[in-house]
Amino acid sequence: MLWLIIKEAWISISSHKLRSFLTTLGIIIGVGAVVLMVAAGQTVTLVINNSFASMGGQLVMLHPSFVVTSGIKSGQRPSITSQDVDAVRGLKGIEAAAPMIFATAQAVYGANNWTAALRGSTTDLLIVNKWEVEKGEPFTSKDVKAAAPYVLIGATVANELFGFNDPVGQTIRIKNVPLKVVGVLKSKGQDLMGNDQDDIIIIPYTTLRQRIQGSRIPNRVNFGFIKISDSEDMEAAINRIKMLIRSRHNIKAGAEDDFEVRNMTAMVETVKTVGLVLSILLASIASISLVVGSIGIMNMMLVSVTERTREIGIRKALGAANRWIMLQFLTESVMISFMGSAIGLALGLAISQIAGSILGYEVPISAWTLALAGAVAIVVGVLSGVLPAYKAMHLDPIEALRYQ
Amino acid sequence: MSNEPVIELKHIGKTYFMEGGLSQEVLKDINFTVTKGEFVAIMGPSGSGKSTLMNILGCLDRPTVGSYILAGQEVSHLSDNQLAEVRNKSIGFVFQNFNLLMRRTIADNVSLPLIYRGMSDKARRETALKYIDMMKLAGNQDRIPNQLSGGMQQRVAIARALATEPTIILADEPTGNLDSTTSDEIMELFTDLNKAGKTIVLVTHEPDVASYATRLIRITDGRKEYDGLVKNYKELSK
């Protein structure tokens, strides 16, 4: 009998094709929007997690203060030196401390050239930033001391300069300085900002400073990247770092730090929370359109009930119990809701996948999204149909038969 | 024609209660019995209460007082859903304006009441075709009502009424929307059905139509004024 009701519902819907389509459209847009927003939110979360995956553990950034205070000593602007970073390395609970110098440079190999991010550091950078060496070997601390002309290149640089050839052992030139490629880094892909993390050349900071930049202040670095052991209390370790640098910089008690120790891990948590809040916000806004779509169904169904007053009277006279009339109209609204949800789901998924591949992000498809679409279909269908079904159910057959 | 009663009305009354404490007694103490195979015409001027009586007979409405036994079952106090079941089982309606579903095929229309019995698609179509054939409408099963003449549409309605094999056929001004030739055809059809054993109750205000029946019940001001053979009713031609 339920099958017959479903058939009757389908016949009814398809007898008013345009009207049914327009009503379904409301749900298609509503569900499509929600699916799209959920996918966007999940993509953001995925990208955040992926970018920060290379930042596992308790990370801290030590850099000179950006705020120029009145009490600048010796007329020099605040700075962090490689010795500062080395000193931090010796503290209790510090797993790794890598000095960092930022630069960009054009690397040349034969007829090929490629401009990449140049990072002067020590091998500790590989620990702090979770870089793996896929081919070849990293340079050593001895190499750093000696300012050896060795570099590690990222997957993109390897691709652009060497194509399918093996870069290990080859010599590239940066600012005419010959540098031997000792290793290739394992690919990481895009980061949160959309930057290609593989477009990188890691070089001993000593080599960068002395051989390439020819700097007279070889020991000044942009900042220090510090990894605190997992078992160590982060706040305590940060305090230790602060005390050490204050003492090294001869900062008197009560005076401001001329440096900053930034808790990267806390930042990550904040970013993740923002990502989550963003996802929820987007989905909620999209849900509003779903409410509108639902109202559309209710509107159409109410009109339908009025139009079919006589038909309802006939059915009742011929023996349809109230529940069958109610079920018939509820089935119609659920059917519309279902079709709309299915199409909306398909469209939302398709658009999010296409957008993802155009923008270069991986868009996850979760079972939650499918379950959500299904639940929406039923709930919206039932809620929208309840009022019209109730109205139809309680029509007096005698009155209904008289209706023109 | 056996003496088995199919309709037994005892002291049936219907009062409408309106706002302000006003009430209107539309039917007063109606008593009669219809036995199997009878052909009864119910006549009365407008406002006489014959429509109300028809609605009660058809189980579309309940009497305020009295007992109505239909096919052996007391139906005067049944719930809406129970009445729907009784209608489906025992009443075959034929209306003045046919009351067909205009967007559905003839076959769908005839088999409509069978949906509410849970009959399968196949069985419903078979039954529908049988009665479509009986009403001499073979070949029209996949047309829609608009494509048929008034007389043919009423025959579809009669086929629908017969499809459930009801206890009684209840016809409300069945020829009201038809021309006189077609009216005669339809009334001949009712006569044939009655000869084949169907119990028919016909409500009309036209003497020509009422004269096809054998028994006449006349309602005036809510009361039964006459109950006897049609041919004995002297004022019929007036």
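Residues are numbered from 1 along each chain as its sequence is written, and chains are lettered from A, with ligands numbered from 1, in the order in which they are written. Because the model is predicted, local features need pLDDT of at least 70 and side-chain atom pairs count only at pLDDT 80 or more, while totals for chains, interfaces and linings use all residues.

**View 1. Two domains of chain A.** Chain A is divided into domain 1 (2–51 + 270–402) and domain 2 (95–221). These bounds come from an automatic or database domain assignment. The C-alpha centres of domain 1 and domain 2 of chain A lie 55 Å apart. Domain 1 of chain A gives 5 residues to the contact, and domain 2 of chain A gives 4 residues. Here, two residues are in contact if their C-beta atoms, placed from the backbone, lie within 7 Å. On the side of domain 1 of chain A that touches domain 2 of chain A, 2 residues are nonpolar, 3 are polar and none is charged. In this scheme Ala, Val, Leu, Ile, Met, Phe, Trp, Tyr, Cys and Pro count as nonpolar, Asp, Glu, Lys and Arg as charged, and the others, Gly among them, as polar.

View 2. Strand E3 (residues 94–109) and strand E4 (residues 112–121) of chain A pair in the antiparallel sense over 9 bridges. Strands (E, at least two residues) and helices (H or I, at least four) are DSSP runs, numbered from the N terminus. Two strands pair if DSSP finds at least two bridges between them. E3(A) and E4(A) form a hairpin with 2 residues between them. Gly110(A), in the turn, has a positive phi of about 60°. Tyr109(A) has Asn112(A) as its bridge partner in E4(A). E4(A) is also joined by 5 bridges to strand E9 (residues 200–204) of chain A, and these two strands run parallel. There, Ser121(A) has Pro204(A) as its bridge partner in E9(A).

**View 3. A helix pair in chain A.** Helix H11 (residues 322–359) and helix H12 (residues 367–393) of chain A pack at an angle of about 150°, with their axes 7 Å apart. Axes are lines fitted to C-alpha atoms, for helices over the stretch in contact, and angles run from 0 to 180 degrees between N-to-C directions. The angle makes H11(A) roughly antiparallel to H12(A). Angles under 35 degrees count as roughly parallel, over 145 as roughly antiparallel, 65 to 115 as roughly perpendicular and the rest as oblique. H11(A) and H12(A) cross in a right-handed way. A crossing is right-handed if the near helix is turned clockwise from the far one by less than a right angle, and left-handed if anticlockwise. The residues of this contact divide into 20 nonpolar, 7 polar and 1 charged.

**View 4. Where chain B meets chain A.** In this view, 18 residues of chain B are in contact with 16 residues of chain A. Helix H2 (80–90) and helix H3 (106–115) of chain B are the elements that give two or more residues to the chain B side. H2(B) supplies the largest share, 6 residues. The chain B side has 8 nonpolar, 5 polar and 5 charged residues.

**View 5. An antiparallel sheet in chain B.** This open sheet has 4 strands in the order E2-E1-E4-E5, with antiparallel pairing. Strand E2 (23–35) and strand E5 (73–74) of chain B are the edge strands, and each pairs on one side only. Strand E1 (residues 5–17) and strand E4 (residues 65–70) of chain B share 5 bridges. Lys10(B) has Ser67(B) as its bridge partner in E4(B).

**View 6. A mixed sheet in chain B.** Six strands are ordered E6-E7-E8-E3-E9-E10 in an open sheet with mixed pairing. Its edge strands are E6 (91–94) and E10 (223–229) of chain B. The twist averages 20° from one strand to the next. Strand E7 (residues 168–172) and strand E8 (residues 199–204) of chain B pair in the parallel sense over 5 bridges. Leu170(B) has Val201(B) as its bridge partner in E8(B).

**View 7. Helix H5 of chain B and a partner.** The axes of H3(B) and H5(B) come within 8 Å and cross at roughly 30°. H3(B) and H5(B) are therefore roughly parallel to each other. Their crossing is right-handed. Among the contact residues are Ile106(B) of H3(B) and Val156(B) of H5(B). This contact has 8 nonpolar, 2 polar and 1 charged residues.
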